[in-house]
Amino acid sequence: MSKPLSDHDRKKQISVRGLAGVENVTELKQSFNRHLHFTLVKDRNVATKRDYYFALANTVREHLIGRWIRTQQYYYEKDPKRVYYISLEFYMGRTLQNTMVNLALENACDEAMYQLGLDMEELEDMEEDAGLGNGGLGRLAGKNHRTIHKSYIQSVETNDRNSPFLFVFSPFPACFLDSMASLGLAAYGYGIRYEFGIFNQKIVNGWQVEEADDWLRFGNPWEKARPEYMRPVHFYGRTEHHPDGVKWVDTQVVLALPYDTPVPGYRNNVVNTMRLWSAKAPCEFNLKDFNVGGYIQAVLDRNLAENISRVLYPNDNFFEGKELRLKQEYFVVSATLQDIIRRFKVSKFGSREIAHLLTDDAILVLVDEEKLSWEKAWDVCVRTCAYTNHTVLPEALERWPVDLFAHLLPRHLEIVYEINRRHLENVAAKFPGDSDRLRRMSLIEESGQKRINMAHLCIVGSHAVNGVAQIHSDILKATIFKDFYEMEPHKFQNKTNGITPRRWLVMCNPGLAEVIAERIGEDFIRDLDQLQTLRNYLNDEGFIRDIAKVKQENKLKFAVHLEEHYKVKINPNSMFDIQVKRIHEYKRQLLNCLHIITYYNRIKKEPNKHWTPRTVMIGGKAAPGYHTAKMIIRLITAIGEVINNDPVVGDRLKVIFLENYRVTLAERAIPAADLSEQISTAGTEASGTGNMKFMLNGALTIGTMDGANVEMAEEAGEDNFFIFGMRVDDVDALEKKGYHAQEYYNRLPELKQAIDQIAGGFFSPKQPELFKEIVNMLMHHDRFKVFADYEDYIKCQEKVNELYKNPKEWTKMVINNIAGCGKFSSDRTITQYAREIWGVEPTLEKLPAPDV
């Protein structure tokens, strides 16, 4: 546990953390005590640490409320164009510290808690992570976002008032919410309030065990329920065709109850809204059935409806055509669009406001029984929606079975067929006689079980299509969306991902933020391009020393955390070599394992040689149904069990699996990292954001030219990157030639030794055949060609070892990397989306502070 800051250290802190708010300490203490007594009904005799956290959270929340209300009033008065982000996943992490940073309250709150005899870090640790997403982007990450940002759309049939005019599914990173508020955009996030988020991971005897993430069990002080805005969502039923239109009838209804969470911008008094929907069953029971048990059963059956928002699907790289998932997608879309239309109907600006919803001078809107022609409705839909793709893995793209769609959303299936008919007419007109192209571009896949290709539907129904790194966008145009690019090249563009420097520097690494601010001022927090000026200090001995000192302090702090929580003691002077991300074959944790084993064997062979000490940390969750990923975790833990207990190796090499990797753990691990492992097969990672977080926090990257790594190397300079392995063209060429793992196994003795050790039970002596299926996959079924990059990876790691022996040169390379991070701010990403797709203009204007 960290100790409270000394008075001397407190005075040294600068306003990056919010020193301007220190004069509010007395007020904060009074507010804290008021909430402890009157909100929580506790006093200091019986209050727990969790009670103190809730009192502090409510105290900070008070500073949000006035700004939140004033922001919404401002939007109502000024009538800006709105941006609506609809997502199945928001990987928010914790809220308290991020809110204090953005409101410039962190130092004042820290001082208030200090004076009350409480430790701020202890209180922050009481907050549950809002783990409502799978990956670093929260399933932008985790596959699409849009303007009303969408990945699946459906046009509104003129007289189908129950179905929305677009079908939205967008993974969404918390970074983008932060940036939209910080850039003054009138933006709203919409998603699902999962009762159980991404599972908690436990490692038991080396195996992953999943436990429910009951993140709401103690309540959530940041949200406000809005039952007055509850909306009905329809499922199942049938369609009736009448002369005056089509009606969707005999549906089952689920109610969507909204919960609002404030999203503050960075010190600009803007507070936007994230609205999450919770599924509730209608309270419609027939009391006459009470005596025969029907009433009781009806109450019990409510769970079936409410299951929609019960749990997050813990899989972001493999599509499972489950009915519940489709229900979740439609639930959030239908509720959100009803809510948007409701908001505009009560606006004093009336239908003109709705035109802003639909973007680009759209005039007509769908309300109540109003009818649009198909052509007008489709035109509005296309001009409103934009599609961002986040994966090139075929198994991750959604292809819904037509039978399931017909059962769950019968009217929508009719609409999809009509969209496809018109779309194929356009394709045939542009490419006459090309029947194979018609088959490839159809929204309905006819081979085998009929399926709706949702990515194709996204492209057809959007005015813009983009990838999230330049190499990814180029791959989309050249491969999986080639036909669509050839038909409508004007739609395709690139928007490289970014991260917010507020959470991923100022909040998680205040020491580094302060060292930077001492040299170049604090404006870099809102204009990350200013980091380029750090190159002026490349030969400044004091700056080099300060950067190295911050890194070492972060490593010492993380080493203490690991010892307290993982019961493992590590050498803080060793290189912290970290790979943290979802466990998946394409991310190639297995390549990392092969390097660990090779390095171990070299140390054993020459124990008296001066080896660069390493602590290798690998973390991430495997989807519960992904057997190979779970076996990869078991292999990592098994390797660690052998190496960590080998007295010959000592502390020159340690292997730690970081259990239950999540946002909060990332905020500790990333600032402590020396080396960032970004080693996916070239052409498989859309972008990545963890790579950017490591770079901003002073880690050097060893990586393939994949995803955003390419642009990161360009910005930092390739000489400041450890680049290895095949490029995309090399992978394609090897695929055409034929990849034969046996050739590498026979040619590379150290690779052969490592594989033989895994296969022979060296790392699993009690179960010698435990890892034979991993070896079999690597030898015969490896889509991601681990062996092909092994030799170059090992040579590159040797360069890493040599440079680490020269701390000064290592730190100069670190400075070059930090200086090259400007492009990877989510502020830049959102600014590009706003100007080039959404048609809105960001502003750094600060709203007036609220009166109360």
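What is the volume of the second largest cavity? This cavity has a volume of about 240 Å³. The model shown in these views is predicted.

**View 1. The second largest cavity and its lining residues.** The lining of the second largest cavity holds 22 residues. Closest to the cavity centre are Glu 128, Ala 130, Trp 215, Asn 220 and Trp 222. By class, the lining divides into 13 nonpolar, five polar and four charged residues.

**View 2. Helix and strands around the second largest cavity.** Helix H3 gives the most, with three residues.

**View 3. An open sheet of three strands.** The strand order is S15-S19-S20, and the pairing is parallel. Strands of a sheet pair through backbone hydrogen bonds. Strand S15 (386–388) and strand S20 (492–494) stand at the edges. Each of these two has a single partner strand, so one side of each is left without a neighbour in the sheet. From one strand to the next, the twist averages 25°.

**View 4. Pairing of strands S19 and S20.** Strand S19 covers residues 464–467. Its pairing with S20 is in the parallel sense and runs over three bridges. Gly 467 stands opposite Asn 494 in S20.

**View 5. Val 25 and its surroundings.** Val 25 lies in helix H2, which spans residues 25–39. Is Val 25 buried or exposed? Its relative accessibility is 6%, so Val 25 counts as buried, the cut-off being under 20%. Which residues does Val 25 touch, not counting residues up to four places away in sequence? These contacts are Ala 108, Glu 111, Ala 112 and Gln 115. Val 25 and Leu 105 are 80 residues apart in sequence. In space, their C-alpha atoms are 9.5 Å apart.

How values were computed
Residues are numbered from 1 along each chain as its sequence is written. This is a predicted model: local features need pLDDT of at least 70, side-chain atom pairs count only at pLDDT 80 or more; totals for chains, interfaces and linings use all residues. Side-chain values use heavy atoms; hydrogens and water are left out. Two strands pair if DSSP finds at least two bridges between them. Helices (H or I, at least four residues) and strands (E, at least two) are DSSP runs, numbered from the N terminus. Axes are lines fitted to C-alpha atoms, for helices over the stretch in contact, and angles run from 0 to 180 degrees between N-to-C directions. On a 1 Å grid over the protein atoms alone, a cavity is a set of points where a 1.4 Å probe fits but cannot get out, and a pocket is an open set with protein on both sides within 12 Å along at least five of seven lines; lining residues have an atom within 4 Å of a point. Grid points are joined across faces, edges and corners, and a volume is the space filled by probe spheres set on the points. Ala, Val, Leu, Ile, Met, Phe, Trp, Tyr, Cys and Pro count as nonpolar, Asp, Glu, Lys and Arg as charged, and the others, Gly among them, as polar. Buried means under 20% relative accessible area, exposed over 50%, partly exposed in between (1.4 Å probe, protein chains only). Contact means heavy atoms within 4.5 Å.
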